[in-house]
Structure formats: structure tokens, C-alpha cells
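Subject: Structure for your files

Hello,

Here is the structure I said I would pass on.

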Amino acid sequence: MTSSDISPSTPAEVLVVGAGISGLACARALRQEGVAVRVIDRGRRPGGRMSGRTLHDRVVDLGASYFTVPDGSGFAAVVADWEHRGLVHPWTDTFAVLGTAATGETAEGGTSTETGDTPTSTAGTARRTTGPLRYAAARGLRSLAVDLAAELHVERETEFGGIAADGTADGIRYGTVVLAMPEPQAARLLPPSSALAAQLDTHSWGPVIAVALGFAECGWPAELHGAFVHGSPILTFLADDGDRRGDGAPVIVAHSTAGFARAHLEQPDGAVRAVEAEVRALLGIDPGIRTDWSHAHRWTFARATTTHPEPFALQDGVGICGDAWGGRSSVATAWASGDALGRAIARRR
Ligand SMILES: Cc1cc2nc3c(=O)[nH]c(=O)nc-3n(C[C@H](O)[C@H](O)[C@H](O)COP(=O)(O)OP(=O)(O)OC[C@H]3O[C@@H](n4cnc5c(N)ncnc54)[C@H](O)[C@@H]3O)c2cc1C
């Protein structure tokens, strides 16, 4: 069977639950290998943690801030195609470093030193750090998931109830069921007797509250791009969303520490005032510049602090992939995990 023979009416051999980047990569690999695949997601649109939202007539990235591309990876070819078609662009390799101590959480799940960044200057607020090239998408990172999903007939707003003890999924027997999502979410969908459940790490996942702030004008330097924040109890990272998206809009998206998020998980809107004050203080925004609007988004399972060395798990007809498998929790890791799992399932048929 070739991939062109597979239509939505073909009974699927594999069910992929989750249309974030890992599930989409898995489904794409399966399809390329000629395996009939069904993809479902409970969200209204694909993208998962690469999602954003249209706020005041423009898309704002509220999940992943950007992505990096490991040299020579399969992901590099996909990104080259997106770049060729104008969907993504290189954003920057340099961020500011704001705050006090040179330690603390960062947007990449460690200190900026751990992510391979090299400080290029250490003077006051002009401290900067250079690392891998970061990519951004003019229409928001979700547009990349939408692009991948276009060929896969993703069934949206379809919540998966879990795998039954007899191995069926929502009453249907598939060759393999793939759970492409954070481990705490995947764990709930496994049957209690599953040996895979013991392999999952559901405790290393922390929350983040992302706050988008629309200002009356840009009150920060044009070369900011974004900033790792060190030593703040409130923030780990902030991005100049207008710079990232290329339209120059005076919008900052700030990501909270896990500790701060935990205190505001029930009422994310209650986090806005403290985040705004911290952003203004860190960037030295003139008090005369108004904040015109704000929006808070809660990510209950944002990133895994500890990840598995294996690229995926596959046992007894159930596969698990995502950003906690095979490297530091990131878009590139999630892609590689899903792609590797899809190819492994195809090989085992
Ligand atoms: C605030 C934040 C900042 C980040 N910053 C960066 C960054 O700068 N650079 C970077 O590379 N990475 C970053 N990341 C991480 C990156 O977003 C993730 O690594 C990547 O998007 C994970 O993709 P995934 O497919 O593994 O999971 P997800 O994107 O979480 O996809 C899982 C999907 O499963 C669906 N789902 C879950 N349960 C069910 C169910 N029961 N039924 C049906 N569907 C279900 C969900 O709706 C979701 O669409 C960030 C993440 C967050 C939250």
C-alpha cells in the first residue's frame, strides 16, 4: 500500500492520540511507511504546546517561544521546507540575560549555560548570551502543526477515553495505540495493569503560566529579542513577540516559574498583575507607557525537568512519544521522538 492509497475511510492500523508536534511527526512517518493511521486530538486545533491565540487581531505564541534545529536531524529537512515556503524564519541566536544570579529556570528547562549558550557580555542589563539559532513562525508556531496536520485528516475535539484492559481503544481494536502527550496525561489513558505505566515519570512535569502583555508602544530596546530571566521568583523567560513574529507589535510574552504558576493554577488571571510588574521592572519600561491589554494562559504540564534517554516506549501494542523522550524537553526532541516511534511501529508490522 502506498501513502496515496490511504484515505480516512481506510480502517486504521494505528491510532495516534495527540496532534502536537510529536503525534503529527509519528503519524507522518507512519503514513510515509504506508501504514493507515488515524489521528485524534481533543483540542479545537492541532498544535498542543505549540499553540497561540489571536489577541487583538494578531496571533500571539503562548506555548513554545521558538524552536531549534539539531544539525543533520530529520527535523532539519522539515524545517528547510517550511523556510522555503515562508512558514518559518531564523529569529535570533542571542538573548538578553536579565535578573540577578546566573542560575534559575530558563525557557529551555535549565540555566542558559546548560542550554549551550555562551555569555557575550556581562555588563548590567546589557548582558547577552549567544546559543543555537532559534526559529520563529510569522503566523505563530501553531501554523506549523496546522501545516503538518493538513495531510493527516486530524479528527479534532475528539477526547480519547483510554485503553481498556482488553487492549481496545474506545471500543476499537488497533494494531498500535500511540499516546503523544505529556506523561501525566498519557498515564491516565493506560489500563491499570499496563507494564508501560511503571516506565512513565509523571512527577517531573512542572506548570507555567504564560502572560501576554500588549503595550501602547515598545518600551524596550529593539535588539532585545527575548531574555532569560535569572533569580526571579516569578519569571524565567520573556519574548518580544512583535520581533519574533516580524510585525513589530509592542507585545511581550512572559513565562512564569513553576513555583509561581503552582500558586496561580486555579486562577491564572490573578497572575497578571505581578507578571506585568516584573516585566516592567526587568525591562525598565517607562511608567508613562500604558499596558493596553493582557492575557494569561495556564500550561499545567509545560515541560519535563527529567527526560528519558530512550526516544520512545513501545510495548504490548502501545507506543508513547513526546518531548520527554530522547533529549531535553523541546519541539525538536518531540519531533524526533514521534518520527522514531512511527518508523519503529512500521518496522514491527
Ligand atoms: C510555556 C512553554 C514554553 C516552551 N518553550 C519552548 C521553547 O522555547 N522551545 C522549545 O523547543 N520548546 C518549548 N516548549 C516545549 C514544547 O512546546 C514541547 O516540547 C512540544 O510542543 C511538545 O509536543 P508534544 O507533541 O510532545 O506534546 P503536546 O504539544 O502537549 O501535544 C499533546 C496533544 O495531545 C492532546 N491530548 C492530550 N490528552 C488527550 C486525550 N485524552 N484525547 C485526545 N487528545 C489529547 C492535546 O490536546 C495536545 O494537542 C515550551 C512549552 C511550554 C508549555
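This is a predicted model: local features need pLDDT of at least 70, side-chain atom pairs count only at pLDDT 80 or more; totals for chains, interfaces and linings use all residues.

Overall content

The protein chain has 8 helices and 15 strands. Of its 349 residues, 48% are buried. Taking the contacts with a separation of 6 or more, 72% are between residues 24 or more positions apart.

The ligand

The shell around the ligand consists of 39 residues, and the closest are Gly18, Gly20, Gly48, Gly322 and Asp323. Two or more residues each come from helix 1 (21–32), helix 4 (183–189), strand 9 (205–215), strand 13 (291–304) and helix 8 (331–348). By residue class, the shell around the ligand divides into 20 nonpolar, 13 polar and 6 charged.

Strand 8

Strand 8 has parallel partners in strand 1 and strand 15. With strand 1 (residues 14–17) the pairing is parallel over 4 bridges, and Val16 stands opposite Val178. With strand 15 (residues 318–321) there are also 4 bridges, again parallel, and Leu179 has Ile320 as its bridge partner.

Ile345

Ile345 lies in helix 8. With 25 other C-beta atoms within 10 Å, Ile345 is buried; the cut-off for that class is 20 or more. Apart from neighbours within four places in sequence, the residues in contact with Ile345 are Val14, Leu30, Val35, Thr176, Leu314 and Gly319. Ile345 and Glu33 are 312 residues apart in sequence, yet their C-alpha atoms are 9.6 Å apart in space.

Helix 2 and what covers it

Which residues of helix 2 (residues 74–84) are buried? They are Phe75, Val78 and Val79. Viewed down the helix axis, these buried residues fall within an arc of 95°, so they line one face of helix 2. The face turned away from that buried side carries the exposed residues Ala77, Ala80, Asp81 and His84. Among the elements covering the buried residues of helix 2 are strand 5 (88–99), strand 7 (128–137) and helix 8. After helix 2 comes Gly86, which has a positive phi, near 75°.

Strand 5 and strand 7 also pair with each other, in the antiparallel sense over 7 bridges. Within that pairing, Pro90 has Tyr135 of strand 7 as its bridge partner.

Positive phi outside glycine

Asp57 is not a glycine but has a positive phi of about 70°. Asp57 is found in the loop between strand 3 (52–55) and strand 4 (58–61). Is Asp57 buried or exposed? It has 6 C-beta neighbours inside 10 Å, so Asp57 counts as exposed; the limit for that class is 12 or fewer.

His225 is not a glycine either, and its phi is positive at about 60°. The loop that holds His225 lies between strand 9 and strand 10. His225 has 20 C-beta neighbours inside 10 Å and therefore counts as buried. The cut-off for buried is 20 or more.

That is the end of my notes.

Regards

Key: Residues are numbered from 1 along each chain as its sequence is written. Two strands pair if DSSP finds at least two bridges between them. A residue is near a molecule or strand if its C-beta atom, placed from the backbone, lies within 6 Å of it. Ala, Val, Leu, Ile, Met, Phe, Trp, Tyr, Cys and Pro count as nonpolar, Asp, Glu, Lys and Arg as charged, and the others, Gly among them, as polar. The arc is that of the directions from the helix axis to the C-beta atoms. Two residues are in contact if their C-beta atoms, placed from the backbone, lie within 7 Å.
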